[in-house]
Each structure stands twice: as C-alpha cells, then as structure tokens.
Amino acid sequence: MSDLVERVRDVLPEARRDLENLIRIESVWADPARRPEVHHSAQVVADLLSQAGFPDVRIVSEDGAPAVIARYAAPPGAPTVLLYAHHDVQPEGDHAQWASPPFEPTVRDGRLYGRGSADDKAGIATHLAAFRAHGSRPPVGVTVFVEGEEESGSPSLGRLLAAHRDLLAADVIVLADSNNWTTDIPALTVSLRGLVDCVVEVATLDHGLHSGLWGGVVPDALSVLVRLLASLHDDDGNVAVAGLHESTAAAVDYPPERVRAETGLLDGVSEIGSGSVAQRLWAKPAITVIGIDTTSIAASSNTLIPRARAKVSMRVPPGGDSAAHLDALRAHLETHAPWGAHVTVTPGEVGQPYAIDASGHVYDAARVAFRQAWGVDPVDVGIGGSIPFVAEFAAAFPHAKILVTGMEDPATQAHSVNESVHLGVLEKAAAAEALLLGMLAAPTV
C-alpha cells in the first residue's frame with residue numbers, strides 16, 4: 001500500500017497539469033453563450049481519460065449538457081467502481097473580486113486558485129491520478145462518469161442514468177463532490193439536505209399610485225412582501241413554517257470561532273437558530289431569500305408599488321420529503337400575507353435529501369484507505385448544502401454502496417470568488433481513492 005501512495009505522488013504532477021488545463025475552460029452551462037465551452041470541456045475530459053488508458057470512452061447527452069463515460073472492465077470476479085465528478089462550473093461573478101483571474105490557474109500558499117479548481121474539476125484530476133497510480137490496470141472495474149450540468153441542477157441526469165444504465169451499473173459508487181473536515185482531517189459525507197425553491201409574487205394594486213396621495217391608506221406590494229418574508233422565521237432565526245421535518249446530527253464540535261472564521265460573519269452579527277451548529281447545518285430545515293424583483297433605487301419614484309416578488313430557497317433535512325416541504329412552504333406564503341394581499345406561488349426546483357448507512361465492508365475499506373492516505377481517521381459529516389444527484393444515483397442503482405467524498409475544505413470557497421483547492425488535500429484524496437480501488441478487489445465487496 002505504501003508503494004501505491006508513492007505511485008500517486010509520481011503521477012500527481014500530470015494530474016495537476018490536467019486540472020490546470022481544465023480550469024482554463026469556461027465551462028459554465030448556466031450561461032448560454034458559453035455552452036460551446038462546455039462541449040469543449042467534455043471533449044478534453046474524454047481525451048484525458050483515453051490517454052490515461054480507458055479503452056471505452058464516449059461523450060453522451062440526453063437533451064442536456066454533454067457528459068463523459070469511460071469504462072475499464074472488471075477482471076473476473078472483481079467488482080466495478082463508478083467514480084463521479086462534473087466538469088461544469090458555477091458562473092465566476094465579478095472578476096474584480098478575484099485576487100487572480102478566475103480561469104487562470106494560480107498557486108498561492110499551497111492552494112491552486114481558479115473557478116472549478118475544487119468544485120469539481122479536482123474530482124476529475126483525482127480519478128485520473130488514482131487510475132494512473134495502478135498503471136491504468138486496477139484490480140477492479142472502473143467506470144468514470146463526468147457530468148456536465150451539475151451546477152444547473154442536473155436536469156438531464158435522470159435521463160442519462162436511464163439511457164446508459166448498463167454502462168453505469170456498479171457495485172460501489174464514489175461521488176467526489178463534497179467536503180473534508182479540515183485540510184488535515186478527511187470526511188465521509190453521510191447525510192445531505194435536499195433543496196426546494198419557489199417564486200412568490202404579491203399584488204395589492206392594479207397600477208401604481210402616487211404615494212403622497214394614497215400612502216397610509218392602501219398598502220404597497222413591497223411592504224407586504226417584506227412582512228411576508230419576515231414571517232418565515234421567528235425572532236431567534238428558527239424556521240417558522242409549520243409541518244417541517246427535523247432529523248438528528250452527529251455530535252461533533254463546531255465552536256463559534258470556527259463558524260465566524262469560515263463564514264466571515266461581521267463583528268456584532270450573531271448566529272441564528274437554536275441547537276448545535278451541526279444540528280442547524282445538517283439536520284434542520286433552512287430558508288433563505290435568494291432574490292427580489294422590485295423597482296430599483298435608481299428607478300424609484302414616489303409611487304406605491306403594485307407588485308413585487310421574491311425567490312425563496314429551502315433546505316430539507318434527511319428523512320423529510322422535499323415535495324411535502326415545498327407544499328408546506330407554499331401554504332405558509334399563501335396564508336401569511338397581511339392586509340388581504342394577493343399571493344401567487346410558482347414552484348421551482350425539487351431535490352430530495354439523502355442519508356447513508358455508512359456501515360459494512362465497503363465503508364470499512366474506505367475508512368482504512370483514508371487513514372492510510374491522511375494519517376488520521378475520517379469524520380462522518382453531514383452537508384448543509386444539497387447534492388440532489390446522490391438520491392438519483394441511489395434510486396437508479398439501489399444495490400450499490402455509495403461513498404460521498406471530495407477535495408474541498410473549509411477554505412475552498414466553492415461557488416464564491418477565489419475558489420481554490422489545497423494541493424495537499426488533492427494528493428491525499430487521490431491516494432485514498434487509489435488505495436480504495438485496491439482494497440475493493442476483495443471478494444467480500
């Protein structure tokens with residue numbers, strides 16, 4: 001096993017060059033103008049997998065972004081392991097807020113910066129390094145599946161899984177798109193919150209009115225919307241929508257100073273909600289207003305606004321049903337608007353939560369692999385965010401064991417400016433995956 005770790009170190013420079021080349025591709029599927037870049041990214045990924053030694057590599061699409069499937073057949077009696085990552089990235093936001101250009105890979109203080117450096121092009125680099133470390137002939141079957149629209153909610157993933165079920169079928173599925181506890185302590189993700197959202201519009205007038213003539217007599221829509229959105233939380237910041245599910249989180253230490261350091265809370269701003277940090281992050285529902293449409297300040301006048309709307313996002317804890325939670329949110333919004341304002345709720349995205357029973361031989365092997373690669377045992381963690389595709393893989397392949405791993409750490413800033421991957425974490429993650437492929441060759445899988 002120590003030889004395998006050394007071989008990971010030998011192949012890591014090549015994997016890092018691959019990662020840097022992928023970062024340079026602006027594969028933002030959410031931006032229609034850059035969708036050709038996503039197709040280019042898929043071709044580059046396919047070429048890298050072919051060069052790494054996969055004999056069967058194909059680019060597929062089911063009325064969505066291009067995905068890549070690469071297959072190395074299992075030796076007789078050995079299981080097949082599916083390694084997942086995605087090659088699309090989030091929009092980069094304001095370039096002026098980046099310390100270096102978002103699509104130019106840059107190393108500072110042991111971290112590689114660039115959009116997609118961690119989320120999730122590092123996953124592709126990790127899979128390449130683990131496969132090459134075995135001389136491109138691992139003792140198990142390996143299928144690499146690299147999706148192209150995860151950052152847009154994976155709308156065609158279900159069709160991909162159905163259309164290519166035979167190509168993607170596996171005994172073990174490694175989904176490399178999550179976090180580690182720190183740069184020195186790895187993590188296995190065992191629970192994920194689901195996600196639902198909706199757009200709520202309130203209307204009070206059929207046209208705008210002079211605020212001096214009618215203010216104080218008839219309500220404006222924006223004031224109604226503010227009061228309606230405020231009703232979603234109690235005074236302590238707990239979600240106030242009735243009928244929502246709450247589960248139980250692991251008893252891990254998450255001190256206030258770590259929360260403040262990792263989030264950038266301003267001086268004097270307090271946390272919200274009750275219960276431990278882990279409970280609030282991993283096991284309770286959360287609601288966020290992520291956008292409002294109304295008159296801008298620049299365009300404002302002394303007018304009572306007749307209509308205003310907002311987009312509301314809810315995280316659903318494991319054990320809850322996302323569709324039922326969306327119904328509860330909708331019922332709350334429709335019944336809590338003041339002064340008889342008209343309310344229209346348009347449902348949006350629905351992604352189910354998921355909890356993993358991380359026991360048995362596969363998970364024991366993963367923990368040994370992590371311990372040998374990192375030098376410490378992994379922590380079982382939940383994720384406050386949502387990775388809805390986990391539930392889709394579980395539904396498509398109910399007999400497969402699912403491992404959720406990743407190359408991120410608390411300083412990664414995925415989806416934000418100055419995204420980065422810690423190069424030490426990248427090496428240890430690749431070593432752990434290579435070790436796992438070796439361990440899973442045992443016939444007890």
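**A close look at strand 6**

Author: Strand 3 (residues 80-86) and strand 6 run parallel and are joined by 7 bridges. Strands here are DSSP runs of E with at least two residues, helices are runs of H or I with at least four, and both are numbered from the N terminus. Two strands pair if DSSP finds at least two bridges between them. Within this pairing, L83 has V144 of strand 6 as its bridge partner.

Strand 2 (residues 67-72) also pairs with strand 6, but in the antiparallel sense, over 5 bridges. There, T143 in strand 6 stands opposite R71.

A word on the model: it is predicted, so local features need pLDDT of at least 70 and side-chain atom pairs count only at pLDDT 80 or more, while totals for chains, interfaces and linings use all residues. Residues are numbered from 1 along each chain as its sequence is written, and side-chain values use heavy atoms, with hydrogens and water left out.

Now, is strand 6 enclosed or open? Strand 6 (residues 141-147) is largely enclosed by the rest of the structure, because 7 of its 7 residues are buried. Buried means under 20% relative accessible area, exposed means over 50%, and partly exposed lies in between (1.4 Å probe, protein chains only).

In strand 6, both faces are covered. On one side G141, T143, F145 and E147 are buried, and on the other V142, V144 and V146 are buried.
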